[in-house]
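Here's a quick tour of a protein model for anyone new to reading structures. Have a look at the picture first, then work through the notes below.

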There are 2 protein chains.
Amino acid sequence: MRTGIATVCLSGTLEEKLRAAAKAGFDGVEVFETDLVTSPLSPEDVRALAADLALGLDLYQPFRDLDSVPDGLYRANLRRAEAKFRLMGRLGIETILVCSNVATASIDDDALRAEQLHGLAQLAADHGVRVAYEALAWGTYVNDFEHAWRLVEAADHPSLGACLDTFHILSRLSSGGPDAAGIEAIPGEKVFFVQVADAPKLSLDVLSWSRHHRVFPGEGQFDLPGFLGHVARTGYNGPVSLEVFNDTFRQSDPERTAVDAIRSLVSLEERTAQRLALSGGTGAPDAGACPPAGSHPSAGSYPVAMRLRTLPEVAPPTGVNFVEVMSEGGAPLTRSLERLLAQLGFASRGEHRTKPVSLWTLGGARVVLNGQGARGVAPAVSALAFDVEDAVTAVARAVQLKATPVPRASQAGEEVLQAVWAPDGSAVFLCQDARWMREFGEGVHDDASRTPAGSSTPAAHARGEAPAGGAGPASSAHAARIDHINLAQPWQHYDEAVLFYSSVLALTPQPSLDVSSPAGLVRSQVMQTGDQAVRLALNLAPWGQADSVRGTVQDTFAEHIAIEVPDLVTHARACRRRGLPFLPIPANYYEDLDARFGLAPEFLGTLRELDLLYDRDAEGEFLHFYTATVGSVFFEVVQRVGGYDGYGAPNAPVRHAAQHLARTEQAARR
Amino acid sequence: MRTGIATVCLSGTLEEKLRAAAKAGFDGVEVFETDLVTSPLSPEDVRALAADLALGLDLYQPFRDLDSVPDGLYRANLRRAEAKFRLMGRLGIETILVCSNVATASIDDDALRAEQLHGLAQLAADHGVRVAYEALAWGTYVNDFEHAWRLVEAADHPSLGACLDTFHILSRLSSGGPDAAGIEAIPGEKVFFVQVADAPKLSLDVLSWSRHHRVFPGEGQFDLPGFLGHVARTGYNGPVSLEVFNDTFRQSDPERTAVDAIRSLVSLEERTAQRLALSGGTGAPDAGACPPAGSHPSAGSYPVAMRLRTLPEVAPPTGVNFVEVMSEGGAPLTRSLERLLAQLGFASRGEHRTKPVSLWTLGGARVVLNGQGARGVAPAVSALAFDVEDAVTAVARAVQLKATPVPRASQAGEEVLQAVWAPDGSAVFLCQDARWMREFGEGVHDDASRTPAGSSTPAAHARGEAPAGGAGPASSAHAARIDHINLAQPWQHYDEAVLFYSSVLALTPQPSLDVSSPAGLVRSQVMQTGDQAVRLALNLAPWGQADSVRGTVQDTFAEHIAIEVPDLVTHARACRRRGLPFLPIPANYYEDLDARFGLAPEFLGTLRELDLLYDRDAEGEFLHFYTATVGSVFFEVVQRVGGYDGYGAPNAPVRHAAQHLARTEQAARR
C-alpha cells in the first residue's frame, strides 16, 4: 500500500513538512495549496527537494468551487484552473483534487455539472494532468460520493476520476449518506485518489467536526478497515493518504506528528488485511456492512491489487512484569521513596549486581528503583514492563509500528531486556519472564504468585452488615499484584498515546471520562486488555499544565502505581503501623459517602479512621487509599470486591483536591 | 440586583473560591457539592468563613435524580436528601437545587412526580429549608421550564419553587423548547433561584455544550437581557447567580475569573435595565419575544421588584488617540524601532519634558515610545489610547465595570491622563483631546487631520486597468491615520477580553475567523465601533504558545499597528527609498494572486516589486504591506479602496509564514 500524507496535517513550513514526512517513511505527500503559496521555495525547488527526499508529490489540493455555476464564472474558473495545471507541470504533480462547490454554486443541474467537469478534464488532459473529483460532506448540491461518482461517470473523460475521502463519506452515515459498501460499484481505475481520516463520533456540525477534530486512523471511531476493504475490492492500487485537520497536530512538532501518522497507516493496513482475510479476500463485503442485494451490481468484481502488508502477530500482554521509577541515587527524595515502599509492605530484594538499581517486591508486584537519574531529578515513573509470550516478535512488531528501540547496554551474563520508547518518553519493556530478578541481591527467586488477587468477600457493605474480613497480612502480601498504572499525558500527545498503546501493545481504549480537579478538568482514558490483566489509565492534564515532560513535579501530573491486595483494611492497618504517610481524606467525604450509600456505622468508622475511599456499583465494591506523593510518584492500594471493574472515579475529585492541598501546604512550608 | 456565582465556575479549593468571589464583590455564592465534599473545611468552618467575607451562601447544589422513580428508590432518595438538609442547616443555607432526573427516572407520570416533589418539600420544611426545582435540558422526562413549573404548581407546597437557568431554557429554543417569555406566567415568589450563563451558538449535543462551553454573560450569543427582563417582570428579587461550566475558567486564576464574572453581571444588569426601560418597565414584554396573546394570562402582572443598577452612559470612542510602545531606553532594539518609524515616514516630535518618552507622528497616527521599560525588555505594545467625549465619565464607568485604574504620577502643569488595565496587561487610556502633545519637544501642535483617509481611487485593479494612482507622499502623510491595532491574547483570556472591550469600550465583536499559521490555527476576533473609527483585532495564539504575557518575543504573539494611507504604492516606494525592512513575500503568492484575480501585469509587477499584499471583495479592494518585527511589534500599512471593510484575511497565512521564516532565520544566525 502506497502511503501518503497531506502537508496540512503537519505544522511548520512546506520544507519542514516534506522533511518530516520523508523521515517518517511516507511514500508521498499531498501538497496543500496554502503551504506552497506561503513558501519561499519555487515549484522547481519543491520538486527537487521531494526528489532528493525520495518523496512522491502525489496530489495538488484543493481546487474549489468549479461546478454548478453560470457560464461566465465557469470560464473564469477554467482560467484559474489552467494556472494551477501549469503550476502542477512545474511541480511534477499529476493529479489535482477538485471539491464539489460550496461557495458559488447556483445551478442545480447534473447535466451542466457533468459538462463542466468534462470541460475541466479536457483542459487537464491538454496539460498532461488529471482531476480527482470529491464530494464535500457540506457541498451545496453534491455532498455524497455516489452523486459525485454519477457525475464522473456522466462526464465520461479519461482524465476525470473520483477522490474518496473517509471523513466525507463516513461522517454522513448518521445523516442519511450512502453506505461505504457502494464504493465497490466504482471501477478501481476510476478511483484517482483515496484520503483517510478518523474522527471521534461527535454530534457537532459536520464542517467544524471536519476542520478541527479529525484524527489519524485508530485514534477515532470510524470503521476504516471496513472502508479500505471496499476500496481494495475496486482494484484501486494508488496512494492511501492521510488528510487530517486537527488543531493539536497543527501546532505540534511535525517530525513527531509524522511518526504518529505513519504508525496509524501501518496499523490500518494490517487491520484491513485482517478484515479482508476474514471476509474472504476479494469476495463479498462483510455481511453487516453490505448494501441491499443488487444495488451495486459490480461489487466485488475487481481483484485486490493493493498489497497490504501485515505485521508479526502477537497476543496482548498477560500482565505487568515490573514498573521502574527513576531518581537520583541517594538523594533525600529517593530515600523517602524507599521508606514509602517499605511502609507499604514492599520487601527490598537488594541491589543490581552492576548498577545502582534496586528491586522491591510485594507479592507479584515489582518496583525497580533506578538510581541512575540525573542530579536533582525527583522520582518519576520511567518504564513499564509487560509480560508477553514472545519478546523478540513483540519488539519487532513495535519497531515496524515505528516505535524507537531504547538503547541498552547489558553486561556479559545478564538478561537482555528489550524496550521501546512510548510517546510520553517512558520506556516500554517487553519481557518473557522475570529471570532478570536473579541479578539482584543474593539472586531473587520469582516465587510470587502471578495469579490475580481475587477477593473472597463479595458481600456489600450495606448498613448493618459487617465490613469485609479477609486473610492476614502475610497472605495479603503474597497475593498482591499491580492492578493498574496511571500515567499523566500532555494534551498534545493524547491521541498519539491512545494509538501507540492500542497498536503496539494491543490494549483496548475504554470510554473516556472527565474528572474535576482544583486545577481544571482531567480527562481519564483507560486502556486495558480484554482479561484486565493489564490496565493502564492515561490522565490528560489540563492544558495550562501540559507543557511538561516526564519527571516534572506537578500535582495533576503526578503518576501512580496501584497495588491490588485481597484485604485492604488489614493491609492499611499494617501500613499505618509502619508509619506510612496516607493521603488525608476530608471528613465531609465520609458524610457524603454515608448519604449516598448508607454504610454500616462501624465500617464507615473504619474508612474514616484509615483514610480509605469507597465506591460501589451494580457489580461490586471498591476500596482504596493513596499515599503521599514523592517526587511525581505516589501509590494506591486497592481491593476489588465482586465484579467491580472501575477505578473509583467518583472519588477522583477528592484525591485531586487532597493532593492540591498537600502541595499548597508543602509550598507554604518552603 | 443580588449577584451570585456558583463555586464550580472557579478553579482552586473551596476556600480559594470563596475568597475570590468575595474579593470581586459578589453578594453570594452557590456551594457546589463536590467543592464541599473535597474540602478540609467543616460545614461550620465554611459558614464562619463566608460570614467573615460578608458572602451569602445562597444555594446548595445539585441534588440529582429524585423524581419519577419507584417507591423504594424514592424513599432512599428522601433519606439521601435528609442528610443534605441537615448539612444545609450546619452551613446556614436555605435553598437547595433539585434537578430533574436524568439517570434513574423510570416512571413517566406527572401526578407521581408532583407527589414525590411534595414529599420532598415537606421534608425540607421540617428541616427549615426549601427546594428549587429545575428542568435540565437533557432530563429524561422533565426537560423544559414550563413542565417543571407545572409540576411545582401541582405539588403545591410553600417550600417548593422553581429554579430558572438561562442555559437550560435558551439552549432548547432551537429544538422546540418553550419561549422564555413564558417565565412571566410564574409568580415571582415561586421563583426560588435564577442561574445565568451565556454560550456561543454551537450545533453540539446539549450536554457537551453545557458542560464545556458555557461562558459569562456577554461572552456568548444568548439574549440574556431579554431573559432577565422576563424574570424581573415576575416580581422576582432574589439572587441572579452565574453557573458557568467552562474548561478554561476551571483552570485559570480564580481571582481573575471572578472579576471577569462580576463584570459580566454588572454589564448584564445595565443591559437589562435598558431593555426594560425601552419596553416600558413592568409593561408587556418586547413585541419580538412575546408569546401568542393569551398563552400566559398572568404575564406582566407583577411589579419589577428587582433594583437594576445602571452605569454612567458613554458613547463609543471616536478614534485612536495614540498607541504606546514600551521598551528599554537606548537599547539596540529601541534604536531599531526608532529607525523603523522614521523609515515608515513618522516624524519625531521630540522627548517628553520630564520623562524618557518620545512622540512620533504620521498624519493623525501617533506612536509614543516609552523608554521606561525594564532592562532587557524588548519593544512591545503597552497602551492604547482612545478618543472619548468625556474621559472622567468613561473612566468612572470602566471602574464600575471592575476595571483597575492604572496608577500614574503627573508633574505639576502636565495633562492628567487616565487609564485602566485591559485583561492582557496593556493600559487603556481614555482621552478627550491631544493636549498632552504639548509636553513633547518644543510643544507640538495637534495639526494633523483626524478625518479618516478616504481613498479617491475606487477602480478595481482588473486585468488591463492601471494601478491606483493617488496623491503624493506629502498629502499621503497628512491623511494617514491608525486603521487598526492587532493585539495578541493568550487563549485563557479570550472570552474575558471580548467582554472587556465590549462592556468598557462599547466595541462590537465581529464574527471570528481561524487563520492557519506554521505554528497552528490563530483565531482572529475583530472588535470595532459601528462607524469603524476604532478597529481592534484580537489574535488568539495557539495553545502551545499561550503561556506568555505581554512583551514576550514570539512569532504568533507579535502585535502590530496598522496605518491607513490614501496611496499605498507611493507610500511604499518612499519607505523603500528610506531603507524600510519590508516583510518579504514569496513569489508563489503573486502567482496565486494572479490565478485568483487576473490582475493587470503592470500592477502585479508593482505588488511583487514592493512586497505588497492584495485582496478584493464585492465592496472594494485592499492593499497592504508589513514591516519586519522589532521586539514583539511590527507595523502594517494599508489602503482601503471603495467599501472594503476587512483585513486581508486570505493573506494572513502568508504573513504568518513569512514571519515564521524570518524568526527561524534570525534564530539560526544567533
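**A quick briefing**

A:Arg335 has 43% relative accessibility, so it counts as partly exposed (buried means under 20% relative accessible area, exposed over 50%, and partly exposed in between, using a 1.4 Å probe and protein chains only). Keep in mind that this is a predicted model, where local features need pLDDT of at least 70, side-chain atom pairs count only at pLDDT 80 or more, and totals for chains, interfaces and linings use all residues. Residues are numbered from 1 along each chain as its sequence is written, chains are lettered from A and ligands numbered from 1 in the order in which they are written, and side-chain values use heavy atoms, with hydrogens and water left out.

**Chain A as a whole**

- Chain A contains 18 helices and 24 strands (DSSP runs numbered from the N terminus: helices are H or I with at least four residues, strands are E with at least two).
- Of the 670 residues in chain A, 60% are buried.
- Take the contacts in chain A between residues at least 6 apart in sequence: 76% of them join residues at least 24 apart (contact means heavy atoms within 4.5 Å).
- Chain A's accessible surface is about 24,000 Å², and 52% of that belongs to carbon and sulfur atoms (the areas come from the Shrake-Rupley method with a 1.4 Å probe, and for residues only the protein chains shown count as cover).

**How the two copies are related**

- Two copies of a chain are related by a rotation about an axis and a shift along it.
- The same surface serves both copies, as 100% of the contact residues of chain B recur in chain A.

**Where the chains touch**

- Chain B puts 55 residues into the contact, and chain A puts in 55 residues.
- Between them, chain B and chain A bury about 4,200 Å², with 56% of it on carbon and sulfur atoms (buried area is the accessible area, with a 1.4 Å probe, that two parts lose on being put together, summed over both).
- The interface of chain B and chain A has 22 residue pairs in polar contact, both residues at pLDDT 80 or more (a polar contact is a pair of N or O atoms within 3.5 Å; within protein, one must be able to donate a hydrogen and the other to accept it, and residues adjacent in sequence count only if both atoms are side-chain atoms).
- Helix 16 of chain B gives the most to the side of chain B that touches chain A, with eight residues.
- Four salt bridges cross the interface of chain B and chain A (a salt bridge is a side-chain nitrogen of Lys or Arg within 4 Å of a carboxyl oxygen of Asp or Glu).
- One salt bridge pairs A:Lys84 with B:Asp592, with their closest N and O atoms 2.6 Å apart.

**Salt bridges inside chain A**

- Side chains of opposite charge can pair when their charged atoms come close.
- A:Arg335 pairs up with A:Glu338 in a salt bridge, the closest N and O atoms being 2.7 Å apart.
- A:Glu338 and A:Arg335 are three residues apart in helix 11 (residues 332–344) of chain A, so about one helical turn separates them.
- A:Glu270 and A:Arg397 also meet in a salt bridge, at 2.8 Å from N to O.
- A:Glu270 sits in helix 10 (residues 254–278) of chain A and A:Arg397 in helix 12 (residues 391–400) of chain A, so the pair ties together parts that are 127 residues apart in sequence.
- A:Glu270 is buried at a relative accessible area of 5%, and A:Arg397 counts as buried at 9%.

- B:His484 belongs to strand 16 (residues 481–489) of chain B.
- Is B:His484 buried or exposed? With a relative accessible area of 3%, B:His484 is buried.
- The side chains of B:His484 and B:Glu636 are joined by a polar contact of 3.2 Å.
- Leaving aside neighbours within four places in sequence, B:His484 is in contact with residues including B:Arg535, B:His560 and B:Tyr647.
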